[in-house]
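Work through these exercises with the structure open. Try each task before you read its solution.

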Amino acid sequence: MKTYVELWKAKAAWNDLSKEERGNYMNALGPAIQQLLDNGVKIISWGVNDSSTYNRVDYDFFAVWTFPNDEATQSFEKMVEGAGWYNYFDQVNAKGDSSTPQEVIGKMIEL
């Protein structure tokens, strides 16, 4: 299983859209998200990056997903790119195998 984390913030192109245009764009994403869920992808959390977060990263929103495998994450990445998401949002991503704290700490020690 893969854990996938997205962090994003709006670009000027998004801010230049009317609220109606923004709503239409986001509503068009609904069926694609539903298809992901139907194919075993799980939404762990979506949220707004709290401004009071210590050492806050400069992104306003986040999403945490789990995907069944690498192929599913690659399909998701192509879908996001194909939807023109990166025209409107500055985004960074992180992906990795779901693991335990002990396993990650072990890898950190090995660095």
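**Exercise 1.** Which backbone oxygen does the side chain of Asn49 reach at 2.7 Å?

*Solution.* The backbone oxygen is that of Tyr59. The Asn49 side chain also reaches the backbone oxygen of Val57, at 3.1 Å. A polar contact is a pair of N or O atoms within 3.5 Å; within protein, one must be able to donate a hydrogen and the other to accept it, and residues adjacent in sequence count only if both atoms are side-chain atoms.

A note on the model: it is predicted, local features need pLDDT of at least 70, side-chain atom pairs count only at pLDDT 80 or more, and totals for chains, interfaces and linings use all residues. Residues are numbered from 1 along each chain as its sequence is written, and side-chain values use heavy atoms, with hydrogens and water left out.

**Exercise 2.** Decide whether Asn49 is buried or exposed.

*Solution.* Take the cut-offs: buried is under 20% relative accessible area, exposed over 50%, partly exposed in between (1.4 Å probe, protein chains only). Asn49 has 13% relative accessibility, so Asn49 is buried.

**Exercise 3.** Find which residues of helix H3 are buried, and where they lie.

*Solution.* Step one: list Ala72, Thr73, Phe76 and Val80. Step two: check the arc, taken from the directions from the helix axis to the C-beta atoms. The arc is only 100 degrees, so these residues share the same side of H3. Step three: recall the rule. An α-helix has 3.6 residues a turn, so residues three or four places apart point the same way. Step four: look at the other side of H3, where Glu71, Lys78, Glu81 and Gly82 are exposed.

Key:
Helix = DSSP H or I, 4+ residues; strand = E, 2+ residues; numbered from the N terminus.
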